[in-house]
Amino acid sequence: MAVLPADQSPALLAPSTPSPAESSSKGEVILTFPDFVTPVPYPLRCHAQEAAVSRESEEWLLSMANFTDKQRAKFLTLNAGLLSGMCYIDCTYDELRVCTDFMNFLFTLDDWTDEFDTTGTRGVAECVMNTLYYPETYHSDTAAHRLTKSFWTRMQKTAGPGCQQRLMSTLDTYFQAIMQQADDRGSANIPELEEYILLRRDTSGCKTGFAFIEYAANIDLPDDVVEHPIIKALADATNDLVSWANDVLSYNAEQARGDTHNLVCVLMHMNGVDRQAAIELAGELWTKTLEWFLECRRVVPSWGADIDRQVARYIQGLEDWIIANAEWSFETERYFGKDGRTVKQTRQVALLPQRVRASA
């Protein structure tokens with residue numbers, strides 16, 4: 001069951017007055033974004049060795065991914081290593097390298113599966129999951145297998161059994177969710193809000209990223225702690241904060257290619273409003289969720305000194321994720337090309353035209 005603030009029900013999301021999008025002097029439609037950085041009350045931190053690890057990890061992925069020249073050029077503008085360095089700060093060089101390798105791999109998986117139908121995605125999922133469960137006996141002459149086995153065998157050396165199991169189960173859930181996303185894409189289905197929230201928590205990949213919080217912090221939380229309603233609420237709220245900011249900031253690029261797996265599209269469809277009003281609704285939902293995170297943060301229970309120390313490090317990791325994602329969104333070229341820092345200042349972009357799909 002989704003854990004959401006009581007006042008965050010869909011019935012309360014209808015706007016009181018519509019907010020039309022602005023137009024530029026060139027006749028362009030201008031989208032205005034909420035501020036996802038300033039309200040976050042946590043400092044941005046970064047691992048001191050992020051730059052060196054990032055370069056090594058990029059070389060690692062490029063050596064095995066079989067990219068075309070176009071894919072390689074796109075990958076080198078991602079800068080996922082910076083996101084990793086801002087999410088996993090208090091770890092060794094080698095541990096950050098594993099985290100960054102996985103981060104680069106996860107974004108690559110996201111790009112691969114965006115191009116696949118359900119059958120293609122299922123094939124990648126089976127390869128990755130078999131590699132995780134049977135790293136010594138399963139073999140496949142694919143980039144997915146080589147990349148998975150490489151980071152996984154290194155992670156297993158120090159990750160606790162609970163952390164390892166959480167990575168495997170959340171990655172399996174991720175694949176199931178993106179297969180559902182592929183089905184929705186093929187049928188042009190836009191889900192209801194509550195259904196979308198649950199699905200988005202799985203397609204975001206954040207749950208796998210949270211397993212790496214434990215790995216990087218050298219902790220292994222008991223299952224009953226991870227599943228405690230307050231800890232789960234904190235993780236779900238972090239996931240939503242990351243996912244919804246991403247949805248808003250990536251909406252322009254996604255609508256241009258006809259992708260509707262986005263909170264903005266869901267809110268437009270549900271409330272019968274235009275894209276700017278839906279963006280503002282998404283911002284309100286994000287703000288309420290940040291308030292909910294802070295509320296839950298104040299009532300974290302105690303399990304005794306040792307577990308409390310681990311829980312504190314885990315929550316610190318969630319806080320790092322919230323601010324890191326908000327800041328990184330303007331540092332990568334994935335959403336705004338080379339204009340990220342300008343967009344961060346203005347919080348405005350011109351609406352991109354929808355691409356014309358080539359006929360069969």
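## Ile178 and its helix

Ile178 sits in helix α7, where helices (H or I, at least four residues) and strands (E, at least two) are DSSP runs numbered from the N terminus. Ile178 is buried, with a relative accessible area of 5%; buried means under 20%, exposed means over 50%, and partly exposed lies in between, using a 1.4 Å probe and protein chains only. Leaving aside neighbours within four places in sequence, Ile178 is in contact with Thr113, Thr121 and Thr203, contact being heavy atoms within 4.5 Å. From C-alpha to C-alpha, Ile178 and Arg200 are 9.2 Å apart in space and 22 residues apart in sequence.

Before going on, a word about the model: it is predicted, local features need pLDDT of at least 70, side-chain atom pairs count only at pLDDT 80 or more, and totals for chains, interfaces and linings use all residues. Residues are numbered from 1 along each chain as its sequence is written, and side-chain values use heavy atoms, with hydrogens and water left out.

## Helix α7 and its partners

Two packed helices are described by the angle between their axes and the distance between the axes. Take helix α5 (residues 118-133) and α7: their axes come within 9 Å and cross at roughly 175 degrees. Here axes are lines fitted to C-alpha atoms, for helices over the stretch in contact, and angles run from 0 to 180 degrees between N-to-C directions. α5 and α7 are therefore roughly antiparallel to each other (angles over 145 degrees count as roughly antiparallel, under 35 as roughly parallel, 65 to 115 as roughly perpendicular, and the rest as oblique). On the α5 side, the contact includes Thr121, Val124 and Val128, and on the α7 side it includes Leu171, Phe175 and Ile178. Sorted by class, this contact has 12 nonpolar, three polar and three charged residues. For the classes, Ala, Val, Leu, Ile, Met, Phe, Trp, Tyr, Cys and Pro count as nonpolar, Asp, Glu, Lys and Arg as charged, and the others, Gly among them, as polar.

What about α7 (residues 161-187) and helix α9 (residues 206-217)? Their axes come within 8 Å and cross at roughly 170 degrees, so α7 and α9 are also roughly antiparallel to each other. Cys163, Arg166, Leu167, Thr170 and Leu171 in α7 meet a set of α9 residues that includes Lys207, Ala211 and Phe212. By class, this contact of α7 with α9 has six nonpolar, two polar and three charged residues.

## A pocket and some cavities

The second largest pocket has a volume of about 410 Å³. On a 1 Å grid over the protein atoms alone, a pocket is an open set of points with protein on both sides within 12 Å along at least five of seven lines, a cavity is a set where a 1.4 Å probe fits but cannot get out, and lining residues have an atom within 4 Å of a point. Grid points are joined across faces, edges and corners, and a volume is the space filled by probe spheres set on the points. Of the 20 residues lining this second largest pocket, Thr170, Lys207, Val226, Glu227 and Lys232 lie nearest its centre. Two or more lining residues come from each of α7, α8 (193-203), α9 and α11 (229-256). α11 gives the most to this lining, with five residues. The lining of the second largest pocket splits into nine nonpolar, three polar and eight charged residues.

The largest cavity has a volume of about 50 Å³, and its lining includes Gln181, Asp184 and His261. One nonpolar, four polar and three charged residues make up that lining.

## Two positive phi angles

Most residues other than glycine have a negative phi. Asn218 has a positive phi, near 55 degrees. Asn218 is in the loop between α9 and α10 (223-226) and, at 47% relative accessibility, counts as partly exposed.

Arg347 also isn't a glycine, yet has a positive phi of about 55 degrees. Look for Arg347 in the loop between α15 (340-346) and β3 (348-350); Arg347 is partly exposed, with a relative accessible area of 32%.

Apart from neighbours within four places in sequence, Glu58 is in contact with Phe75, Leu76 and Asn104.

Ile307 lies in helix α14 (residues 305-328) and is buried too, with a relative accessible area of 16%. Leaving aside neighbours within four places in sequence, Ile307 is in contact with Pro222 and Val225.
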